[in-house]
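Visitor: I have a model open beside its sequence, and I would like to learn how to read it. Could you walk me through some features?

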Amino acid sequence: NALNFSGGPGALPESVLAQVQASIIEVPETGLSILGISHRSAWFESIVRETENNIRTLLGLPENYHILFLQGGATQQFSMVPMNMLRGKRHAAEYLDTGYWSRKVITEAMREGPVRVVWSGENCGYRHLPREDELSFSADAPYIHYVSNETVEGLQFHRILGRDDVPRVCDMSSDFLSKPCEADKFSLIYAHAQKNIGPAGVTIVLVRDSVVQSAGQNLPAFLDYRRHVDAHSNFNTPPVFAIYVVLLVTRWLLNDIGGVENMARINRGKADLLYSILDGSDDFYRGWGEARDRSAMNVSFNLPNADLERAFFTEAKAAGFSGLEGHRAIGGVRASIYNALSLGAVETLADFMQDFRHRSGR
Ligand code: PLP
């Protein structure tokens, strides 16, 4: 298999893939293929319950939060959040504009109600995140929203933003369950599965009960959190397969890795290794973001010129690496090192990068 450094759907643990492979033919307790099990079966109900419990345990999430398994990707949450929490409000919701995904989020929110952009990285070309003294949040905002890890630029907040008296909403799509996140400081967290915890097709929403209770009325049922809470993530036919894979990954996180603290330590080690190659490369590998805001998930960088980048991609592909091309919005190289990518795979990439630099005469 190629080593998967893609920033889109990421690698999954090998032990999980083996279970997924077997389940395509038959899930032992059911005698059925995972692709043909009814979402109304008692078995699937138990799968949803266990997945919820595992996420609750991994994050230490209190009982006053609902855990929802929804469709429509993280993108649907760009609209669903303001539909439920902003429509009809007088005061503006406060959004941070820290990169490619923030901009998409803000565009959608503006269709639903008043939005104030508290800080924008546009002037710095999205090379760094705001410092604490650059931010000022108002007490009457319906909520603040930010993206914890900007997947494209490779910028990650290493602290929690906002104020305790205003609901925090966060898109954690690309770092959910990669580390502890103090989930109970947020009113709503959303994350699609396909980076760290499963295949595309399911998006996880953690939402405080008070948010659900006070959500806007008269929304299309499918876009109303209340309906999904009432239906226990079974409002219409849910993505049974994707949810099952998320369950297997949460079991792996709990039993094989030993929790999100351990996962964070492993992820930190992988990221430190790659950043040490960048920092020790005498400006051959040029990191996209400022050092203090670098992501432990997406390592974005450039080479001195486009010819060298092309040669890097060609040789990397021949050497068995996949997905290293940067996002089309900014180009360059991006090594995404999500949960399931092993330290060994990252060491192999680090060796390749050292070797490529030396062969390029630097
Ligand atoms: N938010 C972040 C941080 C992302 O990285 C992405 C996609 O990669 C999205 C949102 C959009 O997710 P989806 O394709 O599931 O709608």
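Guide: Gladly! Let us begin with a strand pair: strand 9 (188-192) and strand 10 (203-208) run antiparallel to each other, joined over 5 bridges. Within this pair, His192 faces Thr203 of strand 10. A word on the source: this is a predicted model, where local features need pLDDT of at least 70, side-chain atom pairs count only at pLDDT 80 or more, and totals for chains, interfaces and linings use all residues. Residues are numbered from 1 along each chain as its sequence is written.

Visitor: How are strands and their pairing defined?

Guide: Strands of a sheet pair through backbone hydrogen bonds, either parallel or antiparallel. Helices (H or I, at least four residues) and strands (E, at least two) are DSSP runs, numbered from the N terminus. Two strands pair if DSSP finds at least two bridges between them.

Visitor: Over how many bridges do strand 2 and strand 10 pair?

Guide: Strand 2 (residues 65-70) pairs with strand 10 over 6 bridges, in the antiparallel sense. Here Tyr65 stands opposite Arg208.

Visitor: Which residues lie on each side of strand 10?

Guide: In a regular strand the side chains alternate between the two faces of the sheet. For strand 10, one side has Thr203, Val205 and Val207, the other has Ile204, Leu206 and Arg208, and all are buried. "Buried" means 20 or more other C-beta atoms within 10 Å of the residue's own, "exposed" means 12 or fewer, and "partly exposed" is in between, with C-beta atoms placed from the backbone.

Visitor: What does UniProt list for Lys195?

Guide: The unreviewed UniProt entry lists Lys195 as "modified residue: N6-(pyridoxal phosphate)lysine". UniProt positions are given in the numbering used here, feature names are shortened, and annotations may be inferred rather than shown by experiment. Lys195 sits in the loop between strand 9 and strand 10, and it counts as buried because it has 29 C-beta neighbours inside 10 Å. Leaving aside neighbours within four places in sequence, Lys195 is in contact (C-beta atoms, placed from the backbone, within 7 Å) with Gly10, Ser173, Ser174 and Tyr338.

Visitor: Is Arg40 buried or exposed?

Guide: Arg40 counts as exposed, because it has 9 C-beta neighbours inside 10 Å. Its place is the loop between helix 1 (14-25) and helix 2 (42-59), and the unreviewed UniProt entry puts a "binding site" feature at Arg40.

Visitor: Where does Asp175 lie?

Guide: Asp175 lies in the loop between strand 8 (168-171) and strand 9. Asp175 is buried, with 27 other C-beta atoms within 10 Å. From C-alpha to C-alpha, Asp175 and Asn149 are 6.2 Å apart in space, though 26 residues apart in sequence.

Visitor: At roughly what angle do helix 8 and helix 10 cross?

Guide: Two packed helices are described by the angle between their axes and the distance between the axes. Axes are lines fitted to C-alpha atoms, for helices over the stretch in contact, and angles run from 0 to 180 degrees between N-to-C directions. The axes of helix 8 (residues 260-279) and helix 10 (residues 343-359) cross at roughly 0° and come within 10 Å. These two helices are therefore roughly parallel to each other; angles under 35 degrees count as roughly parallel, over 145 as roughly antiparallel, 65 to 115 as roughly perpendicular and the rest as oblique. Among the residues that meet are Ile266 and Leu273 in helix 8 and Leu343 and Val346 in helix 10.

Terms used: Two residues are in contact if their C-beta atoms, placed from the backbone, lie within 7 Å.
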